[in-house]
Amino acid sequence: MALTLATAVELLEKHHLLREIIQGETWSRNPARFGGATDAFTSITYDTRQVCEGSLLCCKGHFKADYLAGCDERGLKAYVAETDFSAETSAIGIIVGDIRKAMSLLSAQFYGRPQDELTVIGITGTKGKTTTAYFVQAILNAASNGRAALFSSVDNCLDGHTYTASALTTPESMDAFRMMRQALDNGMRYLVMEVSSQAYKVDRVYGLTFDVGAFLNISPDHISPIEHPTFEDYLYCKRQITVNSKALVLGADCDHADLIEEDAAAAGVPVTTFALHTADERDSGTKADTVAWPADKDRTAFHIDVAGTADTYRLEMDGDFNYANAAAALTIAQLAGADLNDRKISHALENVRISGRMEQFKDTHGPNVAIVDFAHNYASVSALIDFAMERYGANKPRITLVSGSAGGKAVDRRKEIIDAAQHRVDRIIITSDDPDRERAEDICETMQAAVNDPNVESTIIVDRQKAVETAINEAQAHDGFDVLLIVGKGEEQWLKVDGKHAPYEGDTHIVTRLFGQTDS
């Protein structure tokens, strides 16, 4: 059904979003009173620069009336807004109670509801979303001859094999539905997408029902006046995936799992659980439908049993938490229709690598090891240090953490990163990490002020390239074994400064240059 003024009004009324339609002196709820009510809109946009003949414009966010200058001349047919802009445009105004909800619904309709023709998988959690999404895409690609698309915080993939850098963990609703249509036109059958708490907070996925949803885990993050004022608000937003899914995969050991299961029961959504156990916990640990446990004493391979289909997996991406992600991914893929009895399909996740995530490098000039990862909060930094101690603790390494914290979001992370590390590492080099519109020096000083362990040395080196180089040079000059944990940026060759991307060599590139070796 084409998106017209008449169908747009019908859709908005159904969701109790329409206030009225305004054009000049005419105020009404009846689209038939306005010219061209049954003519299809030629385009939909939230950028006035893209307005053309027959466009529908969504006036979202901090929209200013001045933005409408010149839109009538370019052929604007109608706009959707929470405010009447009759003084600025002669176009038809569709006035709504919530522009973000309206934009999501109208975008889906304009692009022909592509979600109805795709199997759509949504994955949320404080950590592990990206890795799990890549694992699921790999499995579904293997099951469908490369017909699985991906929306992630790292890349978007609309044809099963071409990856382009993404701007948001979950795209704006209009962009998401446009990309879904493109993926469908490219022959995709599946879409795997990360779903952030902000996606529900600001209605980027309003009206979207996932064929399979996943709730991996939860821990405090994004708590600040900028994002979520409280942990309760953060958890509540993430919990919305439960009631907006046809089936839910849930981490059995997830905090507040009982509350999430109550949500699912109230909505009639079936729940399948997964858990990571030690070999001894298999019978005594949390009961789960899918269970992963170590296959060897070095924990470099794991057995994973998905509803009675058991096999042994050895991942390129090391670490217990990645085997937990693999257990979740296999469960999700099975619910999405993948045949896990086919080893080609089930083992497709073993070769997945994500640049800048859990990449280990060995120094050709000495015994040292560097681990580059996107860890950026308490939970992920703690898990990274757990991994380093598990793999290298017996060698009594000197551990150095190189980290900053992003500006303009989750200010609590600045202290939490320090709290996760300071009693477990020997040295912390605090540096820049996407300061955006804040002063990098101020963020670094806030982090250093949280260091209260007299046994850990902390240094501020705002220049990130110099900070990484200093950590490597110190390790190479040290008579001993060093483990460097370089977190936050991975392979990204930019830092976000004043709203723009400033060139940066990239953590992985600096490590390979100074270590003289590619990742191990």
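## Exercises: salt bridges, a helix crossing and a hairpin

A search of the whole structure, which is a predicted model, turns up 31 salt bridges.

**Exercise 1.** Work out which parts of the chain the salt bridge between Arg343 and Asp311 links.

*Solution.* Start with the pair itself: the side chains of Arg343 and Asp311 meet at 2.7 Å, N to O. Now place each partner. Arg343 sits in helix 9 (residues 343-346), while Asp311 belongs to strand 17 (residues 309-313).

**Exercise 2.** Find the salt-bridge partner of Asp386, then decide whether Asp386 is buried, exposed or partly exposed.

*Solution.* The partner is Arg424, and the closest N and O atoms are 2.7 Å apart. For accessibility, buried means under 20% and exposed means over 50%. Asp386 comes out at 41%, so it is partly exposed. Arg424, at 33%, counts as partly exposed.

**Exercise 3.** Classify Arg513 by accessibility and name the residue it meets in a salt bridge.

*Solution.* Arg513 has 40% relative accessibility, so it counts as partly exposed. Its side chain meets that of Glu505 in a salt bridge of 2.8 Å, N to O. Elsewhere, salt bridges that share partners join Arg299, Asp318, Asp320, Glu390 and Arg391 into one network.

**Exercise 4.** Describe how helix 3 and helix 8 cross.

*Solution.* First, the axes: helix 3 (residues 129-144) and helix 8 (residues 320-335) come within 8 Å and cross at roughly 45°. That angle makes helix 3 oblique to helix 8. Next, the handedness: helix 3 passes helix 8 in a right-handed crossing. Finally, the contact: helix 3 contributes Thr131, Thr132, Phe135, Val136, Ile139 and Leu140. From helix 8, the contact residues include Asn322, Asn325, Leu330 and Ile332.

**Exercise 5.** Trace the hairpin formed by strand 24 and strand 25.

*Solution.* Take the pairing first: strand 24 (residues 494-497) and strand 25 (residues 500-503) run antiparallel, joined by 4 bridges. Val497 stands opposite Lys500 in strand 25. Then go to the turn, where 2 residues lie between the strands. Asp498 in that turn has a positive phi of about 55°.

Note on methods
Residues numbered from 1 in each chain as written. Predicted model: local features only at pLDDT ≥ 70, side-chain atom pairs only at ≥ 80, totals over all residues. Heavy atoms only, no water. Pairing = 2+ DSSP bridges. Salt bridge = Lys/Arg side-chain N within 4 Å of Asp/Glu carboxyl O. Buried < 20%, exposed > 50% of the residue type's maximum accessible area, 1.4 Å probe, protein only. Axes fitted to C-alpha atoms, helices over the stretch in contact; angles between N-to-C directions. Parallel < 35°, antiparallel > 145°, perpendicular 65-115°, else oblique. Left-handed = near helix turned anticlockwise from the far one by under 90°. Contact = heavy atoms within 4.5 Å.
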